[in-house]
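Please work through the exercises below with the sequence and the model open, and try each task before reading its solution.

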Amino acid sequence: MPLIAVVYHSGYGHTQRMAQAVAHGAGAELIAIDADGNLPEGGWEALAAAAAIIFGSPTSRAGPRWQVTRLADASSKPWFSQAWKDKLFAGFTNSAATNGDKQVTLDYLFHLAMQHGGLWVGAGVLPSNSKAATRNDVNWLGAYSGAMAQSPSDASAGEMAPGDLDTGRFLGQRVAGLASRFKD
């Protein structure tokens, strides 16, 4: 299976837990962006080698955390050389509010991928939008462009809804399946 990288920032552990679910579904390598917005040693090389890159960021003040936008700014060298062209991309986010402008974060990640010449992979999971739907259902937030999670501000990462984590896992599985189909 092609290498898939999940590159993410997490301030309180919720987005990290989502990243772990996505990586589990994709069989991916986790690459954490640190509190200063830097990748670990070998992080840029892993992104260069990956067939697919899945971005993850908390949504804060109507967009991704600054650590993720710093990564985007630092990606100017791969952008200029078109090093990430034709890679698969996807994204996920988490915020405390049910809406919390999570779509803005996914749109930011989408446009970053498009500027790199990438191919975006959406969630591919129908929303749980019937009267019988519950908070623990898969894609209960109804996202199409990526995976969204909602974690109350007073909830620990261990209290995340199983449906949100399953949605992340399904996104990872979809990216992995498509990466296998697009493999040279």
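Two strands are said to pair if DSSP finds at least two bridges between them, strands being DSSP runs (E, at least two residues) and helices likewise (H or I, at least four), numbered from the N terminus. This is a predicted model, in which local features need pLDDT of at least 70, side-chain atom pairs count only at pLDDT 80 or more, and totals for chains, interfaces and linings use all residues. Residues are numbered from 1 along each chain as its sequence is written, and side-chain values use heavy atoms, with hydrogens and water left out.

**Exercise 1.** Determine which strands pair with β3, and which residues stand opposite I54.

Solution. Begin with β1, which runs parallel to β3 and is joined to it by five bridges; here V6 has I54 as its bridge partner. Then turn to β4, which pairs with β3 over seven bridges, again in the parallel sense, and in which A90 lies opposite I54.

**Exercise 2.** Locate the buried residues of α3 around its axis.

Solution. In α3 (residues 66-74), Q67, V68, L71 and A72 are buried. Because they cover an arc of only 150° (taken from the directions from the helix axis to the C-beta atoms), they lie on the same side of α3.

Conventions:
Buried < 20%, exposed > 50% of the residue type's maximum accessible area, 1.4 Å probe, protein only.
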